[in-house]
Amino acid sequence: MIRSARVLFVSLVLLLPQVVPAQAVSDREAVRLAVLDYVEGFYEGDTARLVRSVSPEVRKYGYYRAKPGGPYVGEAMPFPEFLSYANRIRTGRSRTPPNAVKDIVLFDVLDQTASAKLTAWWGTDYLLLAKDKGRWIILQVLWQGPPAK
(Lines give C-alpha, C1' and ligand atoms only; values in the text may rest on other atoms or scores of the structure.)
Protein backbone atom coordinates (compact mmCIF):
# COMPACT_ATOMS: atom_id res chain seq x y z
CA MET A 1 0.00 0.00 0.00
CA ILE A 2 2.77 2.47 0.94
CA ARG A 3 4.76 1.45 -2.12
CA SER A 4 1.71 2.09 -4.36
CA ALA A 5 1.20 5.52 -2.81
CA ARG A 6 4.89 6.34 -3.31
CA VAL A 7 4.75 5.24 -6.98
CA LEU A 8 1.60 7.33 -7.49
CA PHE A 9 3.24 10.36 -5.85
CA VAL A 10 6.41 10.05 -7.96
CA SER A 11 4.31 9.60 -11.10
CA LEU A 12 2.32 12.75 -10.34
CA VAL A 13 5.47 14.77 -9.65
CA LEU A 14 6.96 13.61 -12.95
CA LEU A 15 3.76 14.36 -14.87
CA LEU A 16 3.09 17.77 -13.29
CA PRO A 17 5.44 19.71 -15.60
CA GLN A 18 3.61 18.20 -18.58
CA VAL A 19 0.17 19.14 -17.20
CA VAL A 20 0.95 22.84 -16.58
CA PRO A 21 2.07 23.59 -20.17
CA ALA A 22 -1.01 21.76 -21.45
CA GLN A 23 -3.20 24.48 -19.89
CA ALA A 24 -1.10 27.19 -21.56
CA VAL A 25 -1.39 25.35 -24.88
CA SER A 26 -5.13 25.14 -24.31
CA ASP A 27 -5.40 28.93 -23.89
CA ARG A 28 -3.16 29.51 -26.93
CA GLU A 29 -5.34 27.20 -29.00
CA ALA A 30 -8.51 28.88 -27.72
CA VAL A 31 -7.13 32.31 -28.72
CA ARG A 32 -6.15 30.98 -32.15
CA LEU A 33 -9.64 29.53 -32.59
CA ALA A 34 -11.26 32.85 -31.63
CA VAL A 35 -9.18 34.64 -34.29
CA LEU A 36 -10.02 31.87 -36.79
CA ASP A 37 -13.74 32.29 -36.00
CA TYR A 38 -13.34 36.02 -36.63
CA VAL A 39 -11.69 35.68 -40.05
CA GLU A 40 -13.78 32.74 -41.21
CA GLY A 41 -16.92 34.47 -39.95
CA PHE A 42 -16.14 37.25 -42.42
CA TYR A 43 -14.88 34.95 -45.19
CA GLU A 44 -17.82 32.54 -45.02
CA GLY A 45 -20.54 34.98 -43.97
CA ASP A 46 -21.07 33.08 -40.72
CA THR A 47 -22.52 35.49 -38.16
CA ALA A 48 -22.62 32.76 -35.49
CA ARG A 49 -18.80 32.58 -35.59
CA LEU A 50 -18.55 36.36 -35.24
CA VAL A 51 -20.99 36.40 -32.32
CA ARG A 52 -18.99 33.60 -30.67
CA SER A 53 -15.59 35.28 -31.05
CA VAL A 54 -16.19 39.04 -30.93
CA SER A 55 -17.56 41.19 -28.11
CA PRO A 56 -20.59 43.26 -29.13
CA GLU A 57 -18.67 46.17 -27.58
CA VAL A 58 -15.69 45.63 -29.91
CA ARG A 59 -13.72 48.65 -31.07
CA LYS A 60 -12.48 48.16 -34.62
CA TYR A 61 -10.71 50.98 -36.42
CA GLY A 62 -8.71 50.82 -39.60
CA TYR A 63 -7.00 52.58 -42.44
CA TYR A 64 -7.49 51.91 -46.14
CA ARG A 65 -6.76 53.68 -49.40
CA ALA A 66 -9.87 54.87 -51.21
CA LYS A 67 -7.80 55.07 -54.42
CA PRO A 68 -4.62 53.15 -55.24
CA GLY A 69 -1.66 55.30 -54.19
CA GLY A 70 -3.97 57.78 -52.45
CA PRO A 71 -3.78 58.75 -48.78
CA TYR A 72 -5.02 56.43 -46.06
CA VAL A 73 -8.52 57.08 -44.78
CA GLY A 74 -9.52 56.03 -41.26
CA GLU A 75 -12.80 54.31 -40.50
CA ALA A 76 -14.50 52.67 -37.53
CA MET A 77 -16.44 49.43 -37.87
CA PRO A 78 -18.96 48.87 -35.09
CA PHE A 79 -20.20 45.37 -34.31
CA PRO A 80 -23.49 45.66 -36.26
CA GLU A 81 -21.39 46.27 -39.41
CA PHE A 82 -19.54 42.97 -38.75
CA LEU A 83 -22.87 41.19 -39.02
CA SER A 84 -24.03 43.22 -42.04
CA TYR A 85 -20.82 42.40 -43.92
CA ALA A 86 -21.10 38.69 -43.06
CA ASN A 87 -24.72 38.70 -44.24
CA ARG A 88 -23.67 40.26 -47.57
CA ILE A 89 -21.13 37.45 -48.01
CA ARG A 90 -23.68 34.78 -47.08
CA THR A 91 -26.28 36.12 -49.51
CA GLY A 92 -23.75 36.56 -52.33
CA ARG A 93 -23.91 40.37 -52.50
CA SER A 94 -20.20 40.44 -51.54
CA ARG A 95 -17.58 37.79 -52.14
CA THR A 96 -14.41 36.61 -50.46
CA PRO A 97 -11.61 36.40 -53.03
CA PRO A 98 -10.62 32.84 -53.98
CA ASN A 99 -7.63 31.53 -52.02
CA ALA A 100 -7.91 34.40 -49.53
CA VAL A 101 -5.02 34.36 -47.06
CA LYS A 102 -5.64 33.85 -43.33
CA ASP A 103 -2.35 33.85 -41.48
CA ILE A 104 -2.59 34.01 -37.67
CA VAL A 105 0.33 34.91 -35.42
CA LEU A 106 -0.12 34.86 -31.65
CA PHE A 107 2.04 37.46 -29.95
CA ASP A 108 1.18 36.99 -26.30
CA VAL A 109 -1.25 34.77 -24.42
CA LEU A 110 -1.50 35.40 -20.71
CA ASP A 111 -4.13 34.00 -18.36
CA GLN A 112 -6.60 36.89 -18.96
CA THR A 113 -5.41 38.81 -22.03
CA ALA A 114 -3.89 38.03 -25.40
CA SER A 115 -2.72 39.72 -28.60
CA ALA A 116 -2.57 38.42 -32.15
CA LYS A 117 -1.95 39.45 -35.74
CA LEU A 118 -4.12 38.34 -38.63
CA THR A 119 -3.16 38.75 -42.25
CA ALA A 120 -6.31 38.54 -44.36
CA TRP A 121 -7.23 39.52 -47.92
CA TRP A 122 -8.24 43.02 -46.73
CA GLY A 123 -4.92 43.69 -44.98
CA THR A 124 -3.51 43.23 -41.49
CA ASP A 125 -5.50 43.19 -38.26
CA TYR A 126 -3.95 43.53 -34.80
CA LEU A 127 -6.32 42.02 -32.25
CA LEU A 128 -6.58 42.31 -28.48
CA LEU A 129 -8.51 39.58 -26.71
CA ALA A 130 -9.69 38.89 -23.17
CA LYS A 131 -10.98 35.84 -21.39
CA ASP A 132 -14.57 36.52 -20.37
CA LYS A 133 -16.34 33.87 -18.30
CA GLY A 134 -13.80 31.31 -19.51
CA ARG A 135 -14.20 32.22 -23.22
CA TRP A 136 -11.68 34.17 -25.31
CA ILE A 137 -13.26 37.12 -27.13
CA ILE A 138 -11.94 39.90 -29.33
CA LEU A 139 -12.31 43.35 -27.76
CA GLN A 140 -10.22 45.58 -30.04
CA VAL A 141 -9.00 45.48 -33.62
CA LEU A 142 -6.65 47.94 -35.34
CA TRP A 143 -6.22 47.25 -39.03
CA GLN A 144 -4.60 48.55 -42.17
CA GLY A 145 -5.24 47.74 -45.79
CA PRO A 146 -2.33 46.34 -47.80
CA PRO A 147 0.55 48.84 -48.13
CA ALA A 148 1.47 50.16 -51.55
CA LYS A 149 3.91 47.89 -53.39
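The following questions and answers concern a predicted model of a protein chain.

Trainee: In which element of the protein chain is confidence lowest?

Mentor: The mean pLDDT of the protein chain is 87, and 83% of its residues reach 70 or more. Strand β4 (residues 113-120) has the highest confidence, at 98, while the lowest mean, 68, belongs to helix α1 (residues 2-44). Over residues 5-22 the pLDDT is below 50, and this stretch has zero contacts in the model beyond near neighbours in sequence. The element asked for is therefore helix α1, where the mean confidence is lowest.

Trainee: Is E40 buried or exposed?

Mentor: E40 lies in helix α1. The relative accessibility of E40 is 11%. A residue under 20% counts as buried, so E40 is buried.

Trainee: Which residue joins its side chain to that of E40 in a polar contact?

Mentor: Leaving aside neighbours within four places in sequence, E40 is in contact with G45, R49 and K102. A polar contact of 2.4 Å joins the side chain of E40 to that of K102.

Trainee: With which side chain does the side chain of K131 make a polar contact?

Mentor: K131 is located in strand β5 (residues 123-132). Not counting residues up to four places away in sequence, K131 touches D27, D111, Q112 and W136. The polar contact, at 3.1 Å, is with the side chain of D27.

Trainee: How far apart in space are K131 and A114, C-alpha to C-alpha?

Mentor: In sequence, K131 and A114 are 17 residues apart. In space, their C-alpha to C-alpha distance is 8.4 Å.

Trainee: Which elements give two or more residues to the nonpolar patch on the surface?

Mentor: The patch is formed by Y61, Y63, Y72, V105, F107, Y126 and L142, which together have about 640 Å² of accessible area. The elements that give two or more residues to this patch are β1 (54-65) and β3 (102-109).

Trainee: Why does Y72 count as partly exposed?

Mentor: Y72 is in strand β2 (residues 72-76). Partly exposed lies between buried, under 20%, and exposed, over 50%. Y72 counts as partly exposed because its relative accessibility is 31%.

Trainee: What share of the residues of the protein chain count as buried?

Mentor: The protein chain exposes about 9,700 Å², of which carbon and sulfur atoms supply 61%. Of its 149 residues, the share that count as buried is 34%.

How values were computed. Residues are numbered from 1 along each chain as its sequence is written. This is a predicted model: local features need pLDDT of at least 70, side-chain atom pairs count only at pLDDT 80 or more; totals for chains, interfaces and linings use all residues. Side-chain values use heavy atoms; hydrogens and water are left out. pLDDT is the predictor's confidence in each residue, from 0 to 100. Helices (H or I, at least four residues) and strands (E, at least two) are DSSP runs, numbered from the N terminus. Contact means heavy atoms within 4.5 Å. A polar contact is a pair of N or O atoms within 3.5 Å; within protein, one must be able to donate a hydrogen and the other to accept it, and residues adjacent in sequence count only if both atoms are side-chain atoms. Patches are made of residues with over 30% relative accessible area and no salt bridge: like charges are joined within 9 Å, nonpolar side chains (Val, Leu, Ile, Met, Phe, Trp, Tyr) within 5 Å. Accessible areas come from the Shrake-Rupley method with a 1.4 Å probe; for residues, only the protein chains shown count as cover. A salt bridge is a side-chain nitrogen of Lys or Arg within 4 Å of a carboxyl oxygen of Asp or Glu. Buried means under 20% relative accessible area, exposed over 50%, partly exposed in between (1.4 Å probe, protein chains only).
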